[in-house]
Amino acid sequence: TNYTLDLGNISDVGVTSKNYDATTTIGTICNANTNYSLYLGDGQNRIPGSYRRMKNGSDFLPYQLYKNASRTTVWDATGGVTNVGGSGGLLLSGSGGLQNSIVYGRIPQNVSMPNSVGQYTDTVVVTVTY
């Protein structure tokens, strides 16, 4: 399944003037009472220990994905995608039905804007471990 997180149109010049926020929902179905974890990969352009980056040609635009609405806890694969309960993912318990998990995205205020105008994209792998 493909999920889209659209952070909108940005017309800032130089640096971003505000936070650009958006959300998307990942749906999972797991057997009742089965623990599982949901992890998000680094994307195709992340600098280790830093922001993920969207790309357009040779230009990049920093962004990040978070597990909480206050956007303070980065969502990634820390703890390993082969383990249930690693610190970078969400630990969930299956209900037997659809469970929705919200991904909170942000392009932060005061990041340098790239030179090229256009559509910036990245691909992030979602891993469910049970």
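Contact here means heavy atoms within 4.5 Å. The model shown in these views is predicted.

**View 1. Surroundings of Met 54.** Apart from neighbours within four places in sequence, Met 54 is in contact with Leu 7, Asn 45, Asp 59, Phe 60, Leu 61, Tyr 63, Ile 107, Tyr 120, Thr 121 and Asp 122. Met 54 also belongs to the largest nonpolar core, which has 19 residues. Along with Leu 7, Leu 40, Leu 61, Tyr 63, Val 103 and Ile 107, Met 54 is among the members that touch the most others. Two or more residues of this core come from each of β1, β2 (35-40), β4 and β6.

**View 2. The open sheet of 4 strands.** The strands follow the order β1-β6-β4-β3 and pair in antiparallel fashion. Because β1 (20-29) and β3 (52-56) each have a single partner strand, they form the edges, and one side of each has no neighbour in the sheet. On average, neighbouring strands of this sheet are turned by 35° against each other, direction ignored. Strand β4 (residues 59-66) is joined to strand β6 (residues 98-107) by 3 bridges. Gln 64 has Arg 106 of β6 as its bridge partner.

**View 3. Salt bridges around Asp 21.** Side chains of opposite charge can pair when their charged atoms come close. Asp 21 and Arg 71 form a salt bridge in which the closest N and O atoms are 3.6 Å apart. Asp 21 belongs to strand β1 and Arg 71 to the loop between β4 and β5 (90-93), so that the pair links parts of the chain 50 residues apart. Asp 21 counts as partly exposed, at 38% relative accessibility, whereas Arg 71 counts as buried at 12%. A second salt bridge joins the side chains of Arg 106 and Asp 21 (2.7 Å, N to O). Since Arg 106 lies in strand β6 and Asp 21 in strand β1, this pair ties together parts that are 85 residues apart in sequence. Arg 106 is buried, with a relative accessible area of 17%.

**View 4. The salt bridge between Asp 42 and Arg 46.** Here the side chains meet at 3.0 Å, N to O. Asp 42 is partly exposed at 40% relative accessibility, while Arg 46 is buried with a relative accessible area of 19%. Elsewhere, salt bridges that share partners join Asp 21, Arg 71 and Arg 106 into one network. The structure holds 3 salt bridges.

**View 5. Thr 16 in the segment before β1.** Thr 16 lies ahead of β1 and counts as buried, at 0% relative accessibility. Its side chain reaches the backbone oxygen of Pro 108 at 2.6 Å. Leaving aside neighbours within four places in sequence, the contacts of Thr 16 are Ile 107, Pro 108, Gln 109, Asn 110, Val 111 and Met 113.

Terms used: Residues are numbered from 1 along each chain as its sequence is written. This is a predicted model: local features need pLDDT of at least 70, side-chain atom pairs count only at pLDDT 80 or more; totals for chains, interfaces and linings use all residues. Side-chain values use heavy atoms; hydrogens and water are left out. Two strands pair if DSSP finds at least two bridges between them. Axes are lines fitted to C-alpha atoms, for helices over the stretch in contact, and angles run from 0 to 180 degrees between N-to-C directions. Buried means under 20% relative accessible area, exposed over 50%, partly exposed in between (1.4 Å probe, protein chains only). A polar contact is a pair of N or O atoms within 3.5 Å; within protein, one must be able to donate a hydrogen and the other to accept it, and residues adjacent in sequence count only if both atoms are side-chain atoms. A nonpolar core is a set of buried Ala, Val, Leu, Ile, Met, Phe, Trp, Tyr and Cys residues joined through side-chain atoms within 4.5 Å. A salt bridge is a side-chain nitrogen of Lys or Arg within 4 Å of a carboxyl oxygen of Asp or Glu.
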